[in-house]
Amino acid sequence: MTLAVVIFHKYNFLNDLHLNTGEILPMFLMLTTGLVMLFVVGLADDLIGVNYKFKFFAQLIAASLLPLSGLWINDMYGVFFITSLPMWFGMPFTIFVTMLIINSINLIDGIDGLCSGIIMFSSFILGVLFVIEQAWLHAIFAFITTGILLPFFYFNVFGASKKKRRIFMGDTGSLTLGYAVAFLAISFSMNNADIKPFSEGAIVSAFSTLMIPVLDVARVMWVRKLNGRPIFQPDRGHIHHKFLDLGLSHRRTMIAIILIAVFFSLFNIISVQYISNNIVLALDLVLWILFQVSFDIIEKRVKKNKLIAVEETTN
């Protein structure tokens with residue numbers, strides 16, 4: 001036995017945390033591998049540009065590493081009246097969810113502080129949930145993610161560009177952060193006693209922090225399909241574009257969207273303690289539709305008032 005192995009077994013703090021290292025370590029090792037892979041691809045895309053097909057393939061490989069490590073969504077906790085998921089469905093479903101989260105985070109990175117703010121809030125909430133469940137290693141990783149984003153958020157939002165202190169995320173940041181928070185959400189939602197004890201509302205609580213970017217991407221792609229446009233074609237249909245079109249500043253738009261994300265997250269985490277997951281998700285859908293309808297009405301009124309003002313100025 002090598003010296004490194006002896007030291008690991010003698011001073012292994014994971015044993016002090018009562019963790020099954022044989023179950024947990026492969027997950028974190030694959031997480032690290034996926035993060036490095038996406039970091040390299042994102043850096044190449046930011047510097048020289050990468051074909052979207054290659055970037056999609058890299059995301060697919062990175063997402064596949066999670067179920068290969070033993071981390072996959074194996075229980076729906078009664079959502080859509082489904083309980084346990086078989087491996088043949090749960091593993092591909094986990095890959096799909098991971099890629100959906102990565103691309104949702106990537107696409108919402110449209111204004112300063114929005115992507116980092118949502119991920120910072122999401123990782124902090126997940127860290128608190130892991131602490132409550134005494135899943136210490138996952139909590140540490142969640143709080144590390146939060147801590148890394150704090151200085152970035154400050155300089156991204158408040159940094160003086162003329163003094164060259166403002167920094168930007170790019171695909172390097174959005175891809176890796178999306179992957180990291182997907183790992184945390186899937187870990188919390190997995191029914192695995194080696195990660196955390198069973199919790200009836202785990203899957204809703206885990207993904208509620210990411211509800212805004214995921215629902216926004218789903219809505220945008222649905223609208224593009226209805227209008228006969230390619231679903232991956234860029235446009236100004238995202239939620240932050242709508243706020244900006246109403247005349248809000250970038251900073252107020254960022255704050256408004258993060259507050260909406262905070263509301264949905266806290267509403268879900270509290271609600272699942274008292275009512276079923278399906279009712280909570282139905283309420284989420286109703287609230288989201290009401291928000292979109294109200295938003296469209298306000299947007300039409302603003303455009304109408306602007307048109308009237310232009311006509312009066314012309315006359």
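I began with burial: 47% of the 315 residues in the protein are buried. I note here that the model is predicted.

Next I looked up the secondary structure. I found 13 helices and zero strands, so to read the chain along its sequence is to read α-α-α-α-α-α-α-α-α-α-α-α-α.

Then I turned to contacts. Among those with a separation of 6 or more, 68% join residues 24 or more positions apart.

I moved on to the core. Which residues touch the most other members of the largest nonpolar core? They are F183 and F207, in a core of 78 residues. Helix 8 gives the most to this core, with eleven residues. I listed the partners of F183, leaving out residues up to four places away in sequence: M27, F28, L31, L66, L71, H138 and F141.

I stayed with helix 8, residues 170–189, and checked its length. At 1.5 Å a residue, its 20 residues should span 28 Å, and the end C-alpha atoms are 29 Å apart, which agrees. Helix 8 is also mostly covered, with 19 of its 20 residues buried.

I ran the length check on helix 12 (residues 250–271) too. Its 22 residues should span 32 Å, and its end C-alpha atoms are 32 Å apart, which agrees. Its buried residues include T253, I257, I260, F264 and N268. Residues three or four places apart in an α-helix point the same way, because there are 3.6 residues a turn.

The protein exposes about 16600 Å², with carbon and sulfur atoms supplying 70% of it. I also found a nonpolar patch of about 620 Å², made by V36, F39, V40, L43, L47 and I48. V36 belongs to helix 3, residues 21–47.

How values were computed: Residues are numbered from 1 along each chain as its sequence is written. This is a predicted model: local features need pLDDT of at least 70, side-chain atom pairs count only at pLDDT 80 or more; totals for chains, interfaces and linings use all residues. Side-chain values use heavy atoms; hydrogens and water are left out. Helices (H or I, at least four residues) and strands (E, at least two) are DSSP runs, numbered from the N terminus. The expected span of a helix is 1.5 Å times one less than its number of residues. Buried means under 20% relative accessible area, exposed over 50%, partly exposed in between (1.4 Å probe, protein chains only). Patches are made of residues with over 30% relative accessible area and no salt bridge: like charges are joined within 9 Å, nonpolar side chains (Val, Leu, Ile, Met, Phe, Trp, Tyr) within 5 Å. Accessible areas come from the Shrake-Rupley method with a 1.4 Å probe; for residues, only the protein chains shown count as cover. A salt bridge is a side-chain nitrogen of Lys or Arg within 4 Å of a carboxyl oxygen of Asp or Glu. A nonpolar core is a set of buried Ala, Val, Leu, Ile, Met, Phe, Trp, Tyr and Cys residues joined through side-chain atoms within 4.5 Å. Contact means heavy atoms within 4.5 Å.
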